[in-house]
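This briefing concerns the strand pairing, helix packing and pocket of one model. Please consult the sequence and coordinates alongside the points that follow.

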Amino acid sequence: ILFPGSFKLSYYNEYKSYLRHKRMSTYCMAFVTAPTNDVAKTIAGEIVKLKLAACVNIIPGITSVYAWEGKIETDSEVLMMIKTKNSLCDELIPCIKRLHPYEVCEVITTSIENGNHEYLDWIGKVVK
C-alpha cells in the first residue's frame, strides 16, 4: 500500500541520512603524545590560535611502551586529543611536527563518524 507522500518521505529520509554522514565524515580527531603537560599546552595553544583545531583535550598520566632504535622504551607522556576538520590535517601535521620536541612525533587521525551535531557544527565554525 502506498500512502500519499510516502515516496517523497523515503527520499527525504535518505537525503537527511546522507547529509548527516557527510557532516560527520567532515571532522576528525588527531591523537598526539607529548613528553610533558607544558609541551602539550604550547602545541595546543598554537594550533587553536592558528584555527587548525577547535579544541584540544590534554590527558595526563599515560604510559607509552614502544620500540626505538632497537630497544624497548617506557615513558610517561600526556595525550592530546585534537578536534578538527579532515581537510585541515595536511596543514595540522607539519605544524605539530614543527612545534614538537620529538624526532618522530606521533600524529594519527581518525574520522568522527557520529556525534552531537551542535558540537560538530561548532568545530566547523571555529576552525579555518
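I59 stands opposite L79 in β3. Strands count as paired if DSSP finds at least two bridges between them. The model is predicted: local features require pLDDT of at least 70 and side-chain atom pairs pLDDT 80 or more, whereas totals for chains, interfaces and linings use all residues. Residues are numbered from 1 along each chain as its sequence is written, and side-chain values use heavy atoms, with hydrogens and water left out.

**Hairpin of β2 and β3**
- A67 has I72 of β3 as its bridge partner.
- Two residues lie between the strands of the hairpin, and E69 takes a positive phi near 50 degrees.

**Sheet**
- The four strands form an open sheet in the order β2-β3-β1-β4, with antiparallel pairing.
- Because β2 and β4 (108-111) stand at the edges with a single partner strand each, one side of each has no neighbour in the sheet.
- Neighbouring strands are turned against each other by 30 degrees on average, direction ignored; axes are lines fitted to C-alpha atoms, for helices over the stretch in contact, and angles between N-to-C directions run from 0 to 180 degrees.
- β1 and β3 pair in the antiparallel sense over eight bridges, and F31 stands opposite M81 in β3.
- Strand β1 (residues 27-34) also pairs with β4 in the antiparallel sense, over four bridges; M29 has T110 of β4 as its bridge partner.

**Helices on the sheet**
- Helix α2 (residues 37-49) packs on the sheet and touches β1, β2 and β3, its direction making about 125 degrees with that of β2; contact means heavy atoms within 4.5 Å.
- Helix α3 (residues 89-99) packs on the sheet and touches β1, β3 and β4, its direction making about 140 degrees with that of β3.

**Largest pocket**
- The largest pocket has a volume of about 260 Å³, a volume being the space filled by probe spheres set on grid points joined across faces, edges and corners.
- A pocket is an open set of points on a 1 Å grid over the protein atoms alone, where a 1.4 Å probe fits, with protein on both sides within 12 Å along at least five of seven lines; lining residues have an atom within 4 Å of a point.
- The lining includes T33, Y66, W68, D75 and Y102.
- β2 gives the largest share of the lining, four residues.
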